[in-house]
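Dear colleague,

I am passing on the structure we spoke about, together with some notes on what was found in it. Please have the sequence and the model open side by side as you read.

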Amino acid sequence: MKSLFYLPWWFFKARILGVKRPLQTVLFISDKCNLACKHCSVYRTTNPNVKSYEQIKEELEYSYNLGSRFVDFEGGEPTLWHDGDKNLNSLIRLSKKIGFYSATITTNAFQPFSGSEADSIWVSLDGLGKYHDDIRGKGVFEKLVKHIEEANHPRISVNMVINSRNYTSVGETVEFVKNNPHIRSISLNFHNPYPGTEALFLDWETRSEVIDFIIKKKKTGYPIMNSVSGLKLMKHSGFKKECWVSNFILPDGQRLTECAGKTAGMCDLCGLSMSGEMHSVFNLKPDTIFAGMKLRM
């Protein structure tokens with residue numbers, strides 16, 4: 001109920017008064033990971049950063065005081081995190097104690113995550129079967145399917161980052177999501193070509209064709225989180241970004257008021273669907289507003 005009142009007030013201040021305060025925090029608690037994905041620019045294989053409980057507490061309090069009310073715990077692989085007897089559920093409880101309305105986690109599902117107290121869970125799924133394993137490692141897809149089923153969590157969704165190696169698997173992946181009773185929805189994004197991963201960038205013509213396909217599926221009832229208005233913007237990415245809606249705290253503790261892609265010069269190549277969604281929200285697109293409310297409430 002708190003979010004029901006806070007969201008309209010936040011939107012009024014942002015849209016009408018021009019007050020730029022984050023609504024969501026993306027908090028990287030570690031860059032330690034149990035996989036080495038081809039597209040990833042975050043994980044560290046040696047001397048990974050692993051934050052302490054007290055550091056994360058201070059970062060949550062900082063974000064809450066900025067105005068953020070939703071937090072997503074990310075990594076590396078966040079389910080690996082612990083500090084003494086504290087684990088990921090300890091951080092979720094802490095965020096609620098501070099005042100956050102909801103806490104989500106993003107996991108690769110390579111290890112079990114049953115018993116998670118997160119309000120919602122995002123699982124990284126980069127295509128069906130061989131496509132997912134091509135990017136993340138042999139046998140990873142099989143474990144993902146098993147651990148999603150075993151988790152018995154009511155709000156599991158998947159996130160697919162579309163690239164030059166897996167774009168032909170989009171159709172079967174959304175079909176898989178539609179027919180899987182353990183998965184609520186799918187979010188579709190495109191690869192950002194950070195240094196060393198440029199070969200995975202999907203050319204604009206193919207991206208446009210894939211987006212048209214996704215929109216068609218969306219309109220026929222497939223559980224695709226992206227709005228049609230937001231998807232159409234992702235065909236060119238030449239729109240004003242509203243990425244200040246999320247603040248980011250990186251594994252090394254660096255605090256950003258906008259996506260790290262801006263610092264890296266990625267805005268014109270951006271494939272993160274949230275950029276299109278937020279632009280559509282600020283332009284009062286009804287389908288995007290409804291999608292956002294469904295996601296957050």
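Helices and strands are named here from DSSP runs, with H or I for helices of at least four residues and E for strands of at least two, and they are numbered from the N terminus. In those terms Asn152 belongs to the loop between helix H5 (140–151) and strand E7 (156–162). Please keep in mind throughout that this is a predicted model.

Asn152 is not a glycine, yet its phi is positive, near 55 degrees, and with a relative accessibility of 68% the residue counts as exposed, because the cut-off for that is over 50%. Ala109, also a residue other than glycine, has a positive phi of about 60 degrees and sits in the loop between E5 and strand E6 (120–124). Is Ala109 buried or exposed? Its relative accessibility is 0%, so Ala109 counts as buried.

The axes of helix H2 (residues 53–66) and helix H3 (residues 88–98) come within 10 Å of each other and cross at roughly 35 degrees, and the crossing is right-handed. On the H2 side the contact is formed by Tyr53, Ile56, Lys57, Leu60, Glu61 and Tyr64, and on the H3 side by Ser90, Leu91, Leu94, Ser95 and Ile98. Of the residues in this contact, seven are nonpolar, two are polar and two are charged.

H3 itself is mostly covered, with eight of its eleven residues buried, namely Leu88, Asn89, Ser90, Leu91, Ile92, Leu94, Ser95 and Ile98. Besides H2, the buried residues of H3 pack against strand E2 (70–74), strand E4 (86–87) and strand E5 (102–107).

In soluble globular proteins, nonpolar side chains tend to be buried together. In this model the largest nonpolar core has 52 residues, and those with the most contacts inside it are Leu60, Phe73, Val123 and Ile162. Which element gives this core its largest share? That element is H3, which supplies five residues. Another core, of eleven residues, lies apart from it and includes Tyr6, Ala14, Leu23 and Trp244.

Finally, there are some single residues to look up. His39 lies in the loop between E1 and H2 and counts as buried because its relative accessibility is 15%; leaving aside neighbours within four places in sequence, His39 is in contact with Asp126, Ile135, Arg136, His191, Thr197 and Leu200. Thr46 is likewise placed in the loop between strand E1 (24–28) and H2, but with a relative accessibility of 53% Thr46 counts as exposed. Met278, in helix H10 (residues 273–282), has a relative accessibility of 13% and therefore counts as buried. With neighbours within four places in sequence again left aside, Met278 is in contact with Trp10, Glu242 and Val245.

With best wishes

Terms used
Residues numbered from 1 in each chain as written. Predicted model: local features only at pLDDT ≥ 70, side-chain atom pairs only at ≥ 80, totals over all residues. Heavy atoms only, no water. Axes fitted to C-alpha atoms, helices over the stretch in contact; angles between N-to-C directions. Left-handed = near helix turned anticlockwise from the far one by under 90°. Contact = heavy atoms within 4.5 Å. Nonpolar A, V, L, I, M, F, W, Y, C, P; charged D, E, K, R; others polar. Core = buried A, V, L, I, M, F, W, Y, C linked by side-chain atoms within 4.5 Å. Buried < 20%, exposed > 50% of the residue type's maximum accessible area, 1.4 Å probe, protein only.
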